[in-house]
Amino acid sequence: GTLAQGITPNGWENTQLSREIDLQYTFTVDTFELTIKNIADKPLKQYYITIPYELMGQLSTLTASLTKKEDAFLNCYLFNGTSTLEDGTVLGYGVIELPSPVQPGREIEITAKVFYNVAGKPYPAKMNLGEVQQLYFTSNRLPMSPYLTVESTLVVNTRSKVQEDNKPEDESLQGVFNEDTKVMEFGPWSNTKPNTVSELNLIYKHVTALKEIVNLQRDVWVSNWASTIQFEEYYEMTNKGAALNGGFDRLAYMKQSQMMQLGMIPWIQVLEMGLPVGASEHFCTDKVGMVSTTEVIEDSFFVRPRYPVFGGWFYNFTIGWTNQLSQFARNYPNDDETFLLAVPVLNGPADTVYDHAFVNVYLPEGAEIMEADSPVSYKYMYVNNEQSYFDMNEGHVKLTFEFDNLFTNIGKADLL
């Protein structure tokens, strides 16, 4: 398709590109430390970063900041369109808006992070109890950029030894595993042409489960007269890790107890839900009824599913708790009638990805929403009313955000 001025390779040059792929989690973090130079004959304000088309549907979020001022976040969004290379490779793009136009011949340093709610795939897809789970990850080796890259390096960070599959014969392309830092280092490479396709295939160990929430419904009830805020969450969870070879074997399972205590097991045994400070009235239910195997330790709510959740297995459950409203709501200055409510997008288990999430905030009857927003990009936001106990007229005012491709760390962000 036709591309904006910024994408034509004569717009920018990557003077220096250092990339790190972090594969320690259930999600992938792709970090680019960039020094870019405007080689066009006019000022430029947009820089394009390549996102492989097959990962567009798994993209969780794209962030960028000025390297020298980490808190100076830049506006980022997905480019509405794709381009196709001669070999048929389809590319999408993220657009980074620079704070002010960069003059011809000038350089600027930016750090961009691309988060995907996917990691490697189980390799092999099935394994025996007690075997070590391995994942297979594919990416581009050399910089995949619409611009010429003068100098570049690549580092892949897993918590374990990495091996390359289909290693290229050219030694300058091969990676070296650094035993001290436990990362695989590639490069430096010089003068990589725009849109260079060079596949990288890695096999690495991943000893923990790949927790995936297929659907989350998170209901937040704000009660004025009780001065409380109640949370109720319904999870449809699965484990994306390797499936069991030949079904469940209780004896083999019992033998794994030592590894279980260390948490180094590829199935879900216990979920640690990180809740807001001062939560009370915790509960957990599933299709059978109350789940009694739960424990509260400080701000964590530990839930033990009724059975270990192996690769490809599912477990659906509901948890809830209550907090003081004053933790999340405050009056607007000089206005007793207007409140600012800030609620986290997610609570829930560490190192987890979410395919779909609905966050419903129920406000008291008669409330009027002045404005609402989320720091995390959402699919839809809508307001309607819902009847509940003791509602006289229209019922609670219900504000709904619908999200795709979230991951644990996003939970720290607040809906306003």
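Start by selecting Asp286 and Arg306: they form a salt bridge, with their closest N and O atoms 2.6 Å apart. A salt bridge here is a side-chain nitrogen of Lys or Arg within 4 Å of a carboxyl oxygen of Asp or Glu. Keep in mind that you're looking at a predicted model, where local features need pLDDT of at least 70, side-chain atom pairs count only at pLDDT 80 or more, and totals for chains, interfaces and linings use all residues. Residues are numbered from 1 along each chain as its sequence is written, and side-chain values use heavy atoms, leaving out hydrogens and water.

Now colour the strands (E, DSSP runs of at least two residues, numbered from the N terminus). Asp286 sits in strand E22 (residues 280–286), while Arg306 is in the loop between strands E24 (300–303) and E25 (314–324), 20 residues apart. Is Asp286 buried or exposed? At 11% relative accessible area it counts as buried, meaning under 20%, with exposed being over 50% and partly exposed in between (1.4 Å probe, protein chains only). Arg306 is partly exposed at 40%.

Next, select Glu233 and Arg218, another salt bridge, with 2.6 Å between the closest N and O atoms. Glu233 belongs to strand E19 (residues 228–239) and Arg218 to strand E18 (residues 211–223), so this pair ties together parts 15 residues apart in sequence. Glu233 is buried at 0%, and Arg218 is buried at 0% too.

Hop over to Asp404 and Lys379, whose side chains meet in a salt bridge at 3.4 Å, N to O. Asp404 is partly exposed at 27%, and Lys379 is partly exposed at 41%.

Conventions. Helices (H or I, at least four residues) and strands (E, at least two) are DSSP runs, numbered from the N terminus.
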